[in-house]
Amino acid sequence: MKHNRNKISALLLLLCMSIALLCSGCSIGNRQVYFASKSGRHTVFKIGEMACSREEAKVYLANYKNLYGKIYDTDLWSGDYDTKTMEESIKDAVLSHLTKVYSLNMYAKTKEITLTEEEYSKVSDAAEVYYKSLNRAERKYTGASKKDIEKMYEHYALAEKVYQQLMSGVDENVSEDEARIMEANVIYVTDASLAKDIATQLKNGASFDRLASTYSEADTIHVTFGRNTYDTAVEDVVFQLDNDEISDMIEAKDGYYFFECVNKYNEELSEQNKATIVSQRQEKAMEDVTSAIETEYYSDFNQKLWDKITIDQNEKITTNSFFTTLDDKIVF
């Protein structure tokens, strides 16, 4: 499975689904997380019986630092930028990624999904390649042995295997009506008598633009929107309009609307929306799985240890191939 710099793995899409783990009393999914010593001195967090080690977290941190620490030729870790905020953002992303990996591993256990012998062999090969790529500074910072790397790759590979299976079950068929993006001009007012007056003026041929500029309380006159943007009462009328057609007064929960249809089907935006809808379905599938796992199993986060872990700014720590090394070996 080949990836470019901005798409290291399908799993990295999970970064958009961050988990609030960084303050006392937060939760994973719908389950409370208790910050105690149960995780162990060198364990960052536990989900069920699975424990994420300090070494695994540091391997991810080192790779994330080098993968996302530069934009083109700009080094975001230089003194010209807020490196503290950058470090916090990277740590947030790594923690979110790792908790998802471990949740997917727990899900695999419940569904008896495992790696095949061939996949284990490729995991072992990838671990050997990646471990050999680490220089002295990188090995010292991560503290990871070859055996540790192999175990990390087992977690990562199994999570990606489960992820791909979950995504294959997501319906990618989106109807044109569901994805439809419409362009229109809008007048929105909250006063009933004013709305009736606007309705009368429109029937008498008044300019929609002039009335919108004069009376509308909306932030903008021209709107681009899809399904589930407005109340059902609005949608039932608006999505029946043809180009250049003006609606009658529409009474909604929050006020009164008038729409002038500019383009009832923006083809380019509608196609883009299809991809967005599929992505939302994929995220929902992931949320359903992880919420179920995280609700069922006790979760524990070692805040004290996590606060002590930092991202080493040593210029000799340049490793960024943890994900691609495995992806070059194995395809799900």
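Reader: What makes helix α1 lie across β3 and β4?
Author: Helix α1 (residues 54-68) runs at about 55° to β4. Axes are lines fitted to C-alpha atoms, for helices over the stretch in contact, and angles run from 0 to 180 degrees between N-to-C directions. Contact means heavy atoms within 4.5 Å. Helices (H or I, at least four residues) and strands (E, at least two) are DSSP runs, numbered from the N terminus. This is a predicted model: local features need pLDDT of at least 70, side-chain atom pairs count only at pLDDT 80 or more, and totals for chains, interfaces and linings use all residues. Residues are numbered from 1 along each chain as its sequence is written, and side-chain values use heavy atoms, without hydrogens and water.

Reader: How do you know that β3 is joined to β4?
Author: Two strands pair if DSSP finds at least two bridges between them. Strand β3 (residues 43-47) has 4 bridges to β4, so they pair, and they run antiparallel.

Reader: Which are the edge strands?
Author: The open sheet has the order β4-β3-β11. Its edges are β4 (50-53) and β11 (299-301), as each pairs on one side only.

Reader: Why are α7 and α8 called roughly antiparallel?
Author: Helix α7 (residues 192-203) and helix α8 (residues 208-215) pack at about 160°, their axes 10 Å apart. Angles under 35 degrees count as roughly parallel, over 145 as roughly antiparallel, 65 to 115 as roughly perpendicular and the rest as oblique. Therefore α7 and α8 are roughly antiparallel. Their contact includes Leu 194 and Ile 198 of α7 and Phe 208 and Leu 211 of α8.
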